[in-house]
Amino acid sequence: MPAEPAPADSTTSAEPAGTRLPLRRRLPPVIALLLLAPWAAECSWGGFAIDDFLPVLIFLGPMYGGAAILIRETARHLGAGWPTIVLLAAAFGVLQAGLVDQSLFNPDFLDDTQYADTRAAAEATLVPGLEFSLRQAFDYVGNHIVLTICAPIVLIESFLGADRRFRPWLGRPGLVVVGVLYLLGSLLIFSDSSGRKDFLASPLQLAFAGVVVLALVATALVPRWRRPGPRRARRVPHPLWVGLLVVLVRFGTDLTPGWAGVAIALALSAAAGGLIAYWAARSGWGQRHVLAAGSASLVSAAAFAYLVPPYSPASPAAALAGDVAVTVITVALVGGAWWRSGEGRRPATTLAATPLSREPRSG
C-alpha cells in the first residue's frame, strides 16, 4: 500500500500561528496520561487489588504520570519520535529504581511483599562492586519503559485524530506545573517509609545510576532522532503479527534464570527492537502497528494478572475483582484505541518521528 503524505505536525512540533488548539482540547489527553501511567505501571499486571486502585492513582500519579507527560512532551516539542521516547523512558526507569525508591540497590525491597521469594533469583545475577541484580535491573527498567511510559503514550495518542496525535499538548506554563508535580511525587516516595523503605544506596551506587541517567538523556536528545529517514516502499506484517512478536519476546525473557537468562532477555529485546525499527521504516507502517507494538506488553500483563498475587495480601474477592477490572479496562482501552487509530487509515510517519522502533520490560 503506497504511503499517504504524513500530517505536517507528525514530524515537527512547530505550529503555524493561530493553529494552537484551545486548552479544553489539549487538557483531556494530559489528564488521561496522568492517570493511565500509574495504573499501567502498578495495577495492570495484578500488583494491587481493586480497593487499592484509587490510592495508586492519587499517590503515584504525579510521579509516574508526570514522567510520562514530560517524556512525551519533550519528544513532541523537539519533533522527535519513539527512539527519543524509549531512551527517555529508560532514563526514567534508572532514575526511579536507582535514585528515587532505590529498589535497584536495596536487597530487602520486596521482603515485606508477596514477592519475597524472588530474592534468591535476583542475587544470582549480582554485579560485583555495585551490588545490584542485573536481572532486576532488566525487569525494573524494562517495565518502566513499556508499561509506565510507552504503552500509556501509545494508547492516548491512538485515541486522538491524526491531526492531533503528534502535536504537543502543553506550553511552558503547563510543563512547569507537571514538572513540579513530578518532583513532589518523587520526593514523596523518596521520603516515605513505604517508598524508599529507609534504605540509602552507597555514594558509588548513586553516582553510577546518575551517570547512566545522564548518558541515556544525552543519547535521547541527539538530533539524529529528529530527522525522518526515507521510507522504503515495502509491505509490512499485519499489526497483530507485530504485537505477537512483542508478546513472544516478553515470555522469552523469563524462560531461563541466572546470567544466561539475562543474556537471552537482552538479545531477544534487541532483536525485536531492531526488527520493529526495520518494519517502521517501510511505507506500510501505520498507527495500528504502533499500537500493537506498544500495547502488546500491557495486554499480556493483564492476561496473566490472574496468576500473580498483589504486593500485599488481599481477600480472594478483592483480588479477583481487581483482575477482572484490569481485563475490562485493558480491553476497553486497546479496543477503543484500535478503532480510533483506524480512522482515515493514515500511515505513521518515519521511524525518527514515530512509533516503537525500540523496546524492553516485564511485569
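A salt bridge is a side-chain nitrogen of Lys or Arg within 4 Å of a carboxyl oxygen of Asp or Glu. The model is predicted: local features need pLDDT of at least 70, side-chain atom pairs count only at pLDDT 80 or more, and totals for chains, interfaces and linings use all residues. Residues are numbered from 1 along each chain as its sequence is written, and side-chain values use heavy atoms, with hydrogens and water left out.

**Exercise 1.** State how many salt bridges the structure holds.

*Solution.* The structure holds nine salt bridges. Side chains of opposite charge can pair when their charged atoms come close.

**Exercise 2.** Describe the salt bridge between Arg76 and Glu157, and state whether each residue is buried or exposed.

*Solution.* Step 1: the closest N and O atoms of Arg76 and Glu157 are 2.9 Å apart. Step 2: the pair links distant parts of the chain, Arg76 lying in helix α2 (residues 53–78) and Glu157 in helix α5 (residues 134–159), 81 residues apart. Helices are DSSP runs (H or I, at least four residues), numbered from the N terminus. Step 3: buried means under 20% relative accessible area, exposed over 50%, and partly exposed in between (1.4 Å probe, protein chains only). Arg76 is buried at 2%, and Glu157 is buried at 1%. Step 4: Arg72, Glu73, Arg76 and Glu157 are linked in a network of salt bridges.

**Exercise 3.** Characterise the salt bridge between Lys197 and Asp112.

*Solution.* Step 1: the N to O distance between these side chains is 2.9 Å. Step 2: Lys197 is in the loop between α6 (172–191) and α7 (203–220), whereas Asp112 is in the loop between α3 and α4, 85 residues apart. Step 3: Lys197 is partly exposed at 22%, while Asp112 is exposed at 56%.

Terms used
Helix = DSSP H or I, 4+ residues; strand = E, 2+ residues; numbered from the N terminus.
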